[in-house]
Amino acid sequence: MIRYVMILLCCACPALLKAQQNTVAASLEKGKILAKPCLECHASPGAALADPLRGIRKTRSTDYIYQLIKNPMVFAAENKTAKKVFAKRGLQMPPFPDLDKAAIKAILDYFDSIPIEKNTN
């Protein structure tokens with residue numbers, strides 16, 4: 001019985017891995033499309049208008065990011081950290097009330113997939 005299970009797992013694992021890779025690729029493609037409005041301000045590590053989104057989940061909670069994207073002006077009024085971030089740049093970003101958590105996750109996954117540009121100077 002154990003041998004049968006092992007053979008089944010060995011045969012099924014490549015198919016499961018391929019399916020998982022396809023799902024990740026589809027999510028990144030969705031994130032790339034949804035991220036287009038974000039790119040102008042948040043695209044690069046040295047983004048001049050706004051902090052880069054690459055790696056933002058390392059410093060901000062998912063709930064913080066979600067609320068900020070959904071309605072930045074309201075969130076900044078209620079959250080001291082967000083208020084400081086916006087004060088630093090002197091700008092406010094537009095709200096994106098139609099984005100759900102899955103869409104925001106796809107956008108952040110896309111930004112995290114972008115390789116870091118190395119400065120050659």
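## Ends of helix 5

Asn-79 caps the N-terminal end of helix 5, which covers residues 80-89. The cap is formed by a side-chain oxygen of Asn-79, 3.0 Å from the backbone nitrogen of Thr-81. After helix 5 comes Gly-90, and the phi of Gly-90 is positive, near 75°. This description refers to a predicted model.

## Overall make-up

The protein has 6 helices and 0 strands. Read from the N terminus, the elements run α-α-α-α-α-α. Of the 121 residues in the protein, 24% are buried.

## Aromatic pairs

How many aromatic pairs are there? The count comes to 2 aromatic pairs. One of them joins Tyr-64 and Phe-75 in an edge-to-face arrangement, with 5.1 Å centre to centre and 80° between the planes. Tyr-64 belongs to helix 3 (residues 62-70) and Phe-75 to helix 4 (residues 72-78), so this pair ties together parts that are 11 residues apart in sequence. Tyr-64 and Phe-75 are both buried.

Tyr-110 and Phe-111 also form an edge-to-face pair, at 5.8 Å centre to centre and with 65° between the planes. The angle exceeds the cut-off, since planes over 60 degrees apart count as edge-to-face. Tyr-110 has a relative accessibility of 15% and therefore counts as buried, the cut-off being under 20%. Phe-111 is buried with a relative accessible area of 0%.

## Charges over rings

Asp-109 is placed in helix 6, which spans residues 101-113. Is Asp-109 buried or exposed? With a relative accessible area of 17%, Asp-109 is buried. The side chain of Asp-109 makes a polar contact of 2.8 Å with the side chain of Arg-57. Another polar contact, of 2.6 Å, joins the side chains of Asp-109 and Lys-105. In an α-helix there are 3.6 residues a turn, so residues three or four places apart point the same way.

Lys-105 also figures in a comparison of sequence and space: Thr-62 and Lys-105 are 43 residues apart in sequence, and their C-alpha atoms are 8.7 Å apart. Thr-62 is found in helix 3. The relative accessible area of Thr-62 is 60%, and the residue is exposed.

## The largest pocket

The largest pocket holds about 560 Å³ of space. Its lining consists of 26 residues. Which residues lie nearest the centre of the largest pocket? They are His-42, Ala-50, Asp-51, Leu-53 and Met-93.

Helix 2 (36-42), helix 3 and helix 5 each supply at least two residues of this lining. By residue class, the lining of the largest pocket divides into 19 nonpolar, 4 polar and 3 charged residues. Among the residues nearest the centre, Ala, Leu and Met count as nonpolar, Asp as charged and His as polar.

How values were computed:
Residues are numbered from 1 along each chain as its sequence is written. This is a predicted model: local features need pLDDT of at least 70, side-chain atom pairs count only at pLDDT 80 or more; totals for chains, interfaces and linings use all residues. Side-chain values use heavy atoms; hydrogens and water are left out. A polar contact is a pair of N or O atoms within 3.5 Å; within protein, one must be able to donate a hydrogen and the other to accept it, and residues adjacent in sequence count only if both atoms are side-chain atoms. Helices (H or I, at least four residues) and strands (E, at least two) are DSSP runs, numbered from the N terminus. Rings of Phe, Tyr and Trp (its six-membered ring) pair if their centres lie within 6.5 Å; planes under 30 degrees apart count as stacked, over 60 as edge-to-face and the rest as tilted. Buried means under 20% relative accessible area, exposed over 50%, partly exposed in between (1.4 Å probe, protein chains only). On a 1 Å grid over the protein atoms alone, a cavity is a set of points where a 1.4 Å probe fits but cannot get out, and a pocket is an open set with protein on both sides within 12 Å along at least five of seven lines; lining residues have an atom within 4 Å of a point. Grid points are joined across faces, edges and corners, and a volume is the space filled by probe spheres set on the points.
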